[in-house]
Amino acid sequence: MEEVLAITDKVVDKYGGDPESLVEVLREVNDKSGYLSREHLARIAERLSQPLSKVYGVASFYSLINLEPLGQHVIRFCQDAPCHIVGGREVWEALEKELGIPFGETTLDGQWSLLTTSCIGACAVGPVMMVDDDIHGNLTPEKVRDIIADYREQDERATATAVQGGQV
Amino acid sequence: MARRAHIILSGTTAQVQKVKAAFLESLDEFGLTDEVDVLEAAEMTVSPRGVEAVVYPDVVHYVQLTPQDAPTIVEEHLYKGRPVGELIYEEQIVEPLEAPSTKEVRVVLRNVGKINPERIDDYIAEDGYAALGKVLTEMSPEDVIAEIKRSGLRGRGGAGFPTWLKWTFARQSSADEKYVICNGDEGDPGAFMNRRVLEGDPHAVIEGMAIAAYAIGASQGYFYVRAEYPIAIRMLRIALAQARDYGLLGESIFGTDFGFDLEVRMGAGAFVCGEETALMQSIEGKRGQPRTRPPYPATSGLWDKPTNINNVETYANVPQILLKGGEWFASMGTEKSKGTKTFAIAGKVARTGLIEVPLGITVREIVYDVGGGVLNDKAFKAVQTGGPMGGCIPEQYLDMSVDYETLAEVGSIMGSGGFVVMDEETCMVDIARFFIDFAQEESCGKCVPCRVGTRKMLETLNRICGGEGKPGDIETLETLGQYVTLGSLCGLGQGAPNPVLSTIEHFREEYEAHIYDKRCPAKVCRALIKYEIDPVTCIGCTRCARNCPVSCITGAPREVHVIDQDICIRCGICAQVCPVDAVSVE
């Protein structure tokens, strides 16, 4: 709870407590915390002197603001027509199969969230997806499996290093 | 400082950063830091192969780079002058950026990929800010608007409203404060022109906005850029800081009493915020919902002050028009659609990417001459222009002129410049369904016809694609489409039915085949197709049976295999793995 307050206050202060910075504040707190809990929203409402209902209304309007926690890695797959006609459907199915979850959900181990996104403007190399902040293009079902395997391997290595270093 | 070589890197951000760091380190080692520049670009080619680099001016294309390759390239190629053979990609020749396809004319994209967007000096060396200087010291605001009028420039965001007229309305509104806004909320699926301009030449847009501010009498401006474009936002922030350092933004620019500054505001993932009134609501910290017009932004916009709002590409044209004159710009294009337009070509076409062509070019020239034709020499079926509010243009219009009026005549729109090519394997009903799905998801919910109507249209299309279409469905879609168009406040709702209506108009027989014959002519809609194994061709290799995810294929080794249609999920894997092409789709 204290962390929630600290992060939120820092962002609100950065924008000088201006109620018109609400969208910016929501997005930035979201980026720092991964999602906005009721506590985040209540604090933002309090600090910007706005009704909680309005803050919730704005937060739920924008798709890049999450109201629920997401996995460690977030996949945002482009679901728009230009990616669809160059083989997006097969990639979509490969993603669901590889992660064992349907779109919109997070794996039970909290590692992966599988979301769709609107066009990310990389249509020349469709189908495309973002894994966290990285864009992967010209996807095929095989390539998707390789990419996910790479991330898993990296995570394992990072965990192993952390264990060796006595950080866990 | 002039450089003798440039390395342009592309690939995914994290990997590019590592390779870039390695390049910088070895350039430093060889004392080449002042001679060679390392730039990051967006994706350059049709098929990115890991981290790629093109070294200019030699135009040597390296692929699959790791940080370990950087010292080799620096030592061998840049220090000793011998390109590193084993890293060069040879299948595909990267054209020098200075010589695009002969049908192209680069005005908006003239600097993109050529200059380092992170250095204002590079832009200034290409006549950057010369137009602003000329405007502030030699021209009155009225002169500026007159020059824009002579050029015939129309809004590049899609609607094509004459820019000079918009500026005139904002100029004539009296208020203590006015604003200029740049709409960089490029959300159309299939459109990425503005992203590349903001990433590759941000100062051109800044300069265009400063000129607009001078013309209408504003001193503050806003960039509204979607959060999905992090590189564009980073480049803009760097560019703004440098322009301020040089006194090109801020108080008394060029020693005149004109002052102007800009702020960047980010979107948060809402397509409708590209609509001008919704965009302004979003800047004000609210839900981005459109409101009625009038009043138009030119009289009552951001914080109820007169506001001029133009698209990225519109502003990027402005400095060139002021420098070279309105007549020069008007010499390109058609009678009513002047100048050039950028298009993002995607879909089933050999060369995808960004192009800039004079308006009045034909669809055929774009697809075949600039785009290199349909991918894998399949038959051309249609091109979808104008994004999710646009329409599909069928083959019989291949020779039509691409301009605002002609596109509208055939039921599409110019839109922001999406240009998605479809071939014989694209199902038009399925495509219409995708676009209406997009619209219903992005509808802000304010107008019932848009919120409920697009939903009902989607449900109908889902049924048709699912093999449960009924007689009368096409007529229902047409009627609903009209209601949604008529009953919605903003361009999203007014345009949402367009992809459906235009595909019904041009491809009605495909809808009918789905509904009456329970058949998908393009063999895309799974409920309407079935896979079969030709008993004569099948060699009984068992590969299909082993790869079938639902185990619906039976047959002993070296005997003919059979698909159980009741279990088959029509995934198509059997057809992909069959070594003798015995699996056909009906």
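Trainee: Which residues of helix 1 of chain A meet helix 3 of chain A?
Mentor: In this predicted model, Val4(A), Leu5(A), Thr8(A), Asp9(A) and Val12(A) are the ones in helix 1 of chain A. In helix 3 of chain A they meet Glu39(A), His40(A), Arg43(A), Ile44(A) and Arg47(A).

Trainee: How does that contact split by class?
Mentor: The contact has 4 nonpolar, 2 polar and 4 charged residues.

Trainee: And at what angle do the axes of the two helices cross?
Mentor: Roughly 40°, with the axes of helix 1 (residues 2-14) and helix 3 (residues 38-47) of chain A coming within 10 Å. That angle makes helix 1 of chain A oblique to helix 3 of chain A.

Trainee: Left-handed or right-handed crossing?
Mentor: Helix 1 of chain A crosses helix 3 of chain A in the right-handed sense.

Trainee: Switching to chain B. How do helix 4 and helix 8 of chain B cross?
Mentor: The axes of helix 4 (residues 130-138) and helix 8 (residues 202-216) of chain B cross at roughly 10° and come within 9 Å. Angles under 35 degrees count as roughly parallel, so helix 4 and helix 8 of chain B are roughly parallel to each other.

Trainee: Which residues make the contact there?
Mentor: Helix 4 of chain B uses Ala131(B), Leu132(B), Val135(B) and Leu136(B). From helix 8 of chain B come Glu207(B), Ala210(B), Ile211(B) and Tyr214(B).

Trainee: What classes do those residues fall into?
Mentor: The contact of helix 4 with helix 8 of chain B has 7 nonpolar residues, no polar ones and 1 charged.

Trainee: What's the handedness of that crossing?
Mentor: Helix 4 and helix 8 of chain B make a left-handed crossing.

Methods
Residues numbered from 1 in each chain as written. Chains lettered and ligands numbered in written order. Predicted model: local features only at pLDDT ≥ 70, side-chain atom pairs only at ≥ 80, totals over all residues. Axes fitted to C-alpha atoms, helices over the stretch in contact; angles between N-to-C directions. Helix = DSSP H or I, 4+ residues; strand = E, 2+ residues; numbered from the N terminus. Parallel < 35°, antiparallel > 145°, perpendicular 65-115°, else oblique. Left-handed = near helix turned anticlockwise from the far one by under 90°. Contact = placed C-beta atoms within 7 Å. Nonpolar A, V, L, I, M, F, W, Y, C, P; charged D, E, K, R; others polar.
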